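Reader: I have the sequence and the structure open beside me. Could you take me through some points of the chains and their elements?

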Number of protein chains: 2
Amino acid sequence: MDVTPIDPQCDLLLERVLPISVDAAWRAWTEPALLMQWFTPAPWKTVACELDLRPGGVFATVMQSPEGEQFPNTGCILAVSAPHLLIWTGALLPGFRPRTNTESATVPFLLTARIELAPHPEGVRYRATAIHADAAARTVHETMGFHAGWGAAADQLVALMMQR
Amino acid sequence: MDVTPIDPQCDLLLERVLPISVDAAWRAWTEPALLMQWFTPAPWKTVACELDLRPGGVFATVMQSPEGEQFPNTGCILAVSAPHLLIWTGALLPGFRPRTNTESATVPFLLTARIELAPHPEGVRYRATAIHADAAARTVHETMGFHAGWGAAADQLVALMMQR
(Lines give C-alpha, C1' and ligand atoms only; values in the text may rest on other atoms or scores of the structure.)
Protein backbone atom coordinates (compact mmCIF):
# COMPACT_ATOMS: atom_id res chain seq x y z
CA MET A 1 0.00 0.00 0.00
CA ASP A 2 1.28 3.43 -0.82
CA VAL A 3 1.66 5.76 2.09
CA THR A 4 0.42 9.31 2.03
CA PRO A 5 3.27 11.82 2.14
CA ILE A 6 3.21 14.09 5.16
CA ASP A 7 3.83 17.83 5.23
CA PRO A 8 6.81 18.04 7.59
CA GLN A 9 6.08 21.67 8.43
CA CYS A 10 2.54 21.10 9.66
CA ASP A 11 2.17 17.37 10.36
CA LEU A 12 3.46 14.95 12.99
CA LEU A 13 3.91 11.24 12.28
CA LEU A 14 4.15 8.18 14.48
CA GLU A 15 5.27 5.25 12.36
CA ARG A 16 5.96 1.82 13.87
CA VAL A 17 5.81 -1.84 13.06
CA LEU A 18 3.48 -3.43 15.61
CA PRO A 19 3.55 -7.20 16.31
CA ILE A 20 -0.17 -7.67 15.72
CA SER A 21 -2.21 -8.21 12.57
CA VAL A 22 -3.67 -5.48 10.39
CA ASP A 23 -7.12 -6.71 11.40
CA ALA A 24 -6.31 -6.53 15.10
CA ALA A 25 -5.08 -2.94 14.75
CA TRP A 26 -8.18 -2.05 12.73
CA ARG A 27 -10.49 -3.54 15.38
CA ALA A 28 -8.67 -1.65 18.14
CA TRP A 29 -9.31 1.62 16.29
CA THR A 30 -12.89 0.96 15.21
CA GLU A 31 -14.62 -0.94 18.04
CA PRO A 32 -15.49 1.51 20.84
CA ALA A 33 -15.18 -1.15 23.59
CA LEU A 34 -11.61 -1.81 22.45
CA LEU A 35 -10.64 1.80 21.68
CA MET A 36 -11.59 2.89 25.20
CA GLN A 37 -8.99 0.47 26.63
CA TRP A 38 -5.93 1.90 24.87
CA PHE A 39 -6.68 5.32 23.35
CA THR A 40 -5.49 7.50 26.23
CA PRO A 41 -2.09 7.04 27.93
CA ALA A 42 -2.59 5.94 31.58
CA PRO A 43 -3.33 7.33 34.11
CA TRP A 44 -5.73 9.19 31.84
CA LYS A 45 -8.71 7.17 30.67
CA THR A 46 -11.14 7.18 27.79
CA VAL A 47 -14.48 6.76 29.54
CA ALA A 48 -16.82 6.97 26.55
CA CYS A 49 -16.55 6.43 22.79
CA GLU A 50 -19.01 6.63 19.94
CA LEU A 51 -18.08 5.76 16.36
CA ASP A 52 -20.19 5.69 13.22
CA LEU A 53 -17.83 4.28 10.63
CA ARG A 54 -18.77 6.20 7.50
CA PRO A 55 -17.82 9.54 5.99
CA GLY A 56 -19.83 12.11 7.93
CA GLY A 57 -20.24 9.78 10.92
CA VAL A 58 -19.40 10.65 14.51
CA PHE A 59 -15.99 10.10 16.10
CA ALA A 60 -16.47 11.02 19.74
CA THR A 61 -14.52 10.27 22.88
CA VAL A 62 -14.56 11.49 26.46
CA MET A 63 -11.17 11.56 28.16
CA GLN A 64 -10.83 11.68 31.92
CA SER A 65 -7.89 13.07 33.84
CA PRO A 66 -6.45 11.31 36.91
CA GLU A 67 -8.34 13.89 38.99
CA GLY A 68 -11.61 12.86 37.35
CA GLU A 69 -12.12 15.87 35.11
CA GLN A 70 -13.78 14.93 31.82
CA PHE A 71 -12.91 16.28 28.37
CA PRO A 72 -15.39 15.43 25.62
CA ASN A 73 -14.17 15.55 22.01
CA THR A 74 -16.65 15.23 19.18
CA GLY A 75 -15.40 15.01 15.63
CA CYS A 76 -16.35 13.68 12.22
CA ILE A 77 -15.14 10.67 10.30
CA LEU A 78 -13.89 11.62 6.82
CA ALA A 79 -12.66 8.38 5.22
CA VAL A 80 -13.01 4.68 6.01
CA SER A 81 -11.38 1.94 4.01
CA ALA A 82 -11.37 -1.18 6.19
CA PRO A 83 -8.90 -2.43 7.36
CA HIS A 84 -6.37 0.02 5.97
CA LEU A 85 -7.38 3.64 6.32
CA LEU A 86 -9.30 5.75 8.83
CA ILE A 87 -9.39 9.56 8.75
CA TRP A 88 -11.28 11.75 11.20
CA THR A 89 -11.18 15.38 12.17
CA GLY A 90 -11.98 17.57 15.14
CA ALA A 91 -12.53 20.50 12.77
CA LEU A 92 -15.99 19.29 11.76
CA LEU A 93 -18.94 17.93 13.71
CA PRO A 94 -20.87 14.87 12.51
CA GLY A 95 -22.64 15.38 9.19
CA PHE A 96 -19.60 17.45 8.07
CA ARG A 97 -20.98 20.44 10.00
CA PRO A 98 -18.43 23.24 10.57
CA ARG A 99 -17.61 24.10 14.17
CA THR A 100 -18.09 27.64 15.38
CA ASN A 101 -14.91 29.65 15.73
CA THR A 102 -15.79 30.06 19.39
CA GLU A 103 -15.77 26.29 19.90
CA SER A 104 -12.62 25.85 17.84
CA ALA A 105 -10.85 28.48 19.93
CA THR A 106 -11.42 26.44 23.11
CA VAL A 107 -8.96 23.73 22.03
CA PRO A 108 -5.20 24.30 21.79
CA PHE A 109 -5.23 23.22 18.13
CA LEU A 110 -7.53 21.59 15.59
CA LEU A 111 -6.52 18.13 14.43
CA THR A 112 -7.20 15.78 11.57
CA ALA A 113 -5.90 12.24 12.21
CA ARG A 114 -5.01 9.78 9.45
CA ILE A 115 -4.44 6.16 10.48
CA GLU A 116 -2.84 3.89 7.89
CA LEU A 117 -2.40 0.15 8.41
CA ALA A 118 -0.44 -2.02 6.01
CA PRO A 119 0.70 -5.63 6.15
CA HIS A 120 4.31 -6.11 7.25
CA PRO A 121 6.31 -9.34 7.64
CA GLU A 122 6.45 -8.70 11.40
CA GLY A 123 2.82 -7.61 11.80
CA VAL A 124 1.40 -4.28 10.77
CA ARG A 125 3.04 -1.08 9.63
CA TYR A 126 1.21 1.48 11.73
CA ARG A 127 1.26 5.11 10.57
CA ALA A 128 -0.62 7.70 12.57
CA THR A 129 -0.42 11.20 11.14
CA ALA A 130 -1.57 14.28 13.01
CA ILE A 131 -2.49 16.97 10.47
CA HIS A 132 -2.55 20.55 11.74
CA ALA A 133 -3.53 23.92 10.34
CA ASP A 134 -0.01 25.30 10.39
CA ALA A 135 3.47 24.93 11.83
CA ALA A 136 2.47 26.78 15.01
CA ALA A 137 -0.26 24.22 15.75
CA ARG A 138 2.17 21.37 15.02
CA THR A 139 4.65 22.87 17.48
CA VAL A 140 1.97 23.18 20.18
CA HIS A 141 1.05 19.52 19.72
CA GLU A 142 4.69 18.41 19.65
CA THR A 143 5.42 20.36 22.83
CA MET A 144 2.36 18.85 24.53
CA GLY A 145 4.01 15.47 23.97
CA PHE A 146 2.68 14.04 20.70
CA HIS A 147 5.42 11.44 20.30
CA ALA A 148 5.38 10.19 23.90
CA GLY A 149 1.58 10.27 24.09
CA TRP A 150 0.72 8.61 20.80
CA GLY A 151 3.61 6.17 21.35
CA ALA A 152 2.32 5.15 24.81
CA ALA A 153 -1.17 4.73 23.36
CA ALA A 154 0.23 2.48 20.62
CA ASP A 155 2.00 0.40 23.29
CA GLN A 156 -1.33 0.03 25.10
CA LEU A 157 -3.02 -0.94 21.83
CA VAL A 158 -0.46 -3.70 21.27
CA ALA A 159 -0.67 -4.97 24.85
CA LEU A 160 -4.47 -5.12 24.59
CA MET A 161 -4.61 -6.91 21.27
CA MET A 162 -1.84 -9.42 22.07
CA GLN A 163 -3.99 -10.74 24.93
CA ARG A 164 -6.83 -11.49 22.58
CA MET B 1 -32.83 8.46 -4.15
CA ASP B 2 -33.33 9.27 -0.49
CA VAL B 3 -32.67 12.84 0.46
CA THR B 4 -30.64 13.81 3.45
CA PRO B 5 -32.73 15.52 6.12
CA ILE B 6 -31.65 19.06 6.89
CA ASP B 7 -31.34 20.65 10.31
CA PRO B 8 -33.78 23.58 9.99
CA GLN B 9 -32.07 25.50 12.81
CA CYS B 10 -28.63 25.54 11.22
CA ASP B 11 -29.07 24.70 7.53
CA LEU B 12 -30.45 26.47 4.47
CA LEU B 13 -31.89 24.57 1.53
CA LEU B 14 -32.51 25.46 -2.09
CA GLU B 15 -34.65 22.74 -3.69
CA ARG B 16 -35.87 23.00 -7.25
CA VAL B 17 -36.74 20.88 -10.24
CA LEU B 18 -34.48 22.01 -13.07
CA PRO B 19 -35.34 21.26 -16.73
CA ILE B 20 -31.99 19.66 -17.49
CA SER B 21 -30.65 16.16 -17.00
CA VAL B 22 -28.94 14.85 -13.89
CA ASP B 23 -25.77 14.47 -15.95
CA ALA B 24 -25.92 18.07 -17.19
CA ALA B 25 -26.31 19.37 -13.63
CA TRP B 26 -23.43 17.14 -12.49
CA ARG B 27 -21.18 18.42 -15.27
CA ALA B 28 -22.02 22.03 -14.43
CA TRP B 29 -20.92 21.43 -10.83
CA THR B 30 -17.80 19.37 -11.56
CA GLU B 31 -16.17 20.80 -14.70
CA PRO B 32 -14.31 24.00 -13.81
CA ALA B 33 -14.81 25.57 -17.25
CA LEU B 34 -18.57 25.16 -16.82
CA LEU B 35 -18.75 26.03 -13.12
CA MET B 36 -17.03 29.37 -13.75
CA GLN B 37 -19.88 30.37 -16.08
CA TRP B 38 -22.75 30.05 -13.58
CA PHE B 39 -21.44 29.79 -10.00
CA THR B 40 -21.62 33.46 -9.06
CA PRO B 41 -24.71 35.62 -9.65
CA ALA B 42 -23.93 38.36 -12.20
CA PRO B 43 -22.49 40.98 -12.12
CA TRP B 44 -20.10 39.06 -9.88
CA LYS B 45 -17.90 36.55 -11.68
CA THR B 46 -16.03 33.38 -10.88
CA VAL B 47 -12.66 34.01 -12.51
CA ALA B 48 -10.82 30.83 -11.45
CA CYS B 49 -11.80 27.32 -10.36
CA GLU B 50 -9.84 24.25 -9.39
CA LEU B 51 -11.50 20.94 -8.54
CA ASP B 52 -9.98 17.59 -7.65
CA LEU B 53 -12.99 15.31 -7.47
CA ARG B 54 -12.12 12.98 -4.62
CA PRO B 55 -12.47 13.09 -0.85
CA GLY B 56 -9.63 15.29 0.35
CA GLY B 57 -9.32 17.02 -3.04
CA VAL B 58 -9.35 20.76 -3.60
CA PHE B 59 -12.50 22.81 -4.21
CA ALA B 60 -11.24 26.30 -4.96
CA THR B 61 -12.79 29.31 -6.61
CA VAL B 62 -11.93 32.97 -7.01
CA MET B 63 -14.89 35.33 -7.11
CA GLN B 64 -14.60 38.83 -8.50
CA SER B 65 -16.79 41.78 -7.56
CA PRO B 66 -18.11 44.22 -10.20
CA GLU B 67 -15.34 46.59 -9.03
CA GLY B 68 -12.71 43.95 -9.80
CA GLU B 69 -11.85 42.94 -6.25
CA GLN B 70 -11.01 39.24 -6.01
CA PHE B 71 -12.07 36.85 -3.23
CA PRO B 72 -10.33 33.48 -3.26
CA ASN B 73 -12.02 30.58 -1.47
CA THR B 74 -10.16 27.32 -0.99
CA GLY B 75 -11.95 24.34 0.48
CA CYS B 76 -11.90 20.57 0.53
CA ILE B 77 -14.09 18.00 -1.18
CA LEU B 78 -15.61 15.54 1.29
CA ALA B 79 -17.80 13.19 -0.76
CA VAL B 80 -18.22 12.46 -4.46
CA SER B 81 -20.76 10.02 -5.85
CA ALA B 82 -21.20 10.83 -9.53
CA PRO B 83 -23.67 12.00 -10.73
CA HIS B 84 -25.74 12.28 -7.56
CA LEU B 85 -23.82 13.69 -4.63
CA LEU B 86 -21.09 16.26 -4.07
CA ILE B 87 -20.11 17.57 -0.64
CA TRP B 88 -17.38 20.13 0.02
CA THR B 89 -16.46 22.38 2.90
CA GLY B 90 -14.71 25.66 3.50
CA ALA B 91 -13.85 24.49 7.02
CA LEU B 92 -10.97 22.31 5.80
CA LEU B 93 -8.18 22.85 3.34
CA PRO B 94 -7.25 20.19 0.76
CA GLY B 95 -5.96 16.98 2.32
CA PHE B 96 -8.54 17.44 5.12
CA ARG B 97 -6.20 19.95 6.79
CA PRO B 98 -7.88 22.11 9.46
CA ARG B 99 -7.89 25.87 8.87
CA THR B 100 -6.40 28.13 11.49
CA ASN B 101 -8.91 29.96 13.66
CA THR B 102 -7.39 33.19 12.38
CA GLU B 103 -8.23 32.25 8.79
CA SER B 104 -11.69 31.00 9.72
CA ALA B 105 -12.42 34.27 11.50
CA THR B 106 -11.86 36.24 8.27
CA VAL B 107 -15.04 34.87 6.68
CA PRO B 108 -18.56 35.76 7.87
CA PHE B 109 -19.35 32.05 8.40
CA LEU B 110 -17.94 28.62 7.63
CA LEU B 111 -19.91 26.56 5.17
CA THR B 112 -20.28 22.94 4.12
CA ALA B 113 -22.28 22.53 0.89
CA ARG B 114 -24.14 19.34 -0.03
CA ILE B 115 -25.40 19.06 -3.62
CA GLU B 116 -27.88 16.27 -4.33
CA LEU B 117 -29.12 15.46 -7.82
CA ALA B 118 -31.89 12.96 -8.47
CA PRO B 119 -33.84 12.03 -11.58
CA HIS B 120 -37.24 13.71 -11.89
CA PRO B 121 -39.87 13.35 -14.65
CA GLU B 122 -39.25 17.00 -15.60
CA GLY B 123 -35.45 16.89 -15.37
CA VAL B 124 -33.45 16.85 -12.17
CA ARG B 125 -34.44 17.41 -8.58
CA TYR B 126 -31.73 19.80 -7.43
CA ARG B 127 -31.10 20.12 -3.70
CA ALA B 128 -28.36 22.42 -2.50
CA THR B 129 -27.96 22.49 1.28
CA ALA B 130 -25.80 25.04 3.08
CA ILE B 131 -24.67 23.53 6.39
CA HIS B 132 -23.57 25.98 9.07
CA ALA B 133 -22.02 25.73 12.52
CA ASP B 134 -25.06 27.13 14.29
CA ALA B 135 -28.27 29.13 13.92
CA ALA B 136 -26.37 32.43 14.09
CA ALA B 137 -24.26 31.50 11.05
CA ARG B 138 -27.38 30.36 9.20
CA THR B 139 -28.99 33.72 9.90
CA VAL B 140 -25.94 35.62 8.66
CA HIS B 141 -26.00 33.62 5.41
CA GLU B 142 -29.77 34.02 5.02
CA THR B 143 -29.50 37.78 5.56
CA MET B 144 -26.67 38.01 3.04
CA GLY B 145 -29.14 36.64 0.49
CA PHE B 146 -28.73 32.87 0.36
CA HIS B 147 -32.04 32.18 -1.38
CA ALA B 148 -31.74 34.96 -3.99
CA GLY B 149 -28.05 34.24 -4.59
CA TRP B 150 -28.14 30.47 -4.86
CA GLY B 151 -31.39 30.76 -6.82
CA ALA B 152 -29.87 33.17 -9.34
CA ALA B 153 -26.86 30.89 -9.69
CA ALA B 154 -29.17 27.91 -10.35
CA ASP B 155 -30.95 29.97 -13.05
CA GLN B 156 -27.56 30.67 -14.65
CA LEU B 157 -26.69 26.97 -14.44
CA VAL B 158 -29.89 26.05 -16.28
CA ALA B 159 -29.43 28.76 -18.92
CA LEU B 160 -25.87 27.56 -19.55
CA MET B 161 -26.69 23.87 -19.80
CA MET B 162 -29.81 24.33 -21.94
CA GLN B 163 -27.62 25.88 -24.64
CA ARG B 164 -25.44 22.79 -24.77
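Reader: What percentage of the interface residues of chain A are also interface residues in chain B?

Author: This is a predicted model, in which local features need pLDDT of at least 70, side-chain atom pairs count only at pLDDT 80 or more, and totals for chains, interfaces and linings use all residues. Residues are numbered from 1 along each chain as its sequence is written, while chains are lettered from A and ligands numbered from 1 in the order in which they are written. Contact requires C-beta atoms, placed from the backbone, within 7 Å. The copies meet through the same surface, because the share of interface residues of chain A that are also interface residues in chain B is 100%.

Reader: By what turn can chain A be laid on chain B?

Author: Superposition is by least squares on the C-alpha atoms of residues with pLDDT of at least 70 in both copies. The RMSD is 0.0 Å and the shift along the axis 0.0 Å, with a turn of 180 degrees. That is the relation of a two-fold axis.

Reader: Which residues of helix α4(A) are buried?

Author: Helices are DSSP runs (H or I, at least four residues), as are strands (E, at least two), numbered from the N terminus. A residue is buried if 20 or more other C-beta atoms, placed from the backbone, lie within 10 Å of its own, exposed if 12 or fewer, and partly exposed in between. In α4 (residues 135-143) of chain A, the buried ones are A137(A), R138(A) and H141(A).

Terms used:
Two residues are in contact if their C-beta atoms, placed from the backbone, lie within 7 Å.
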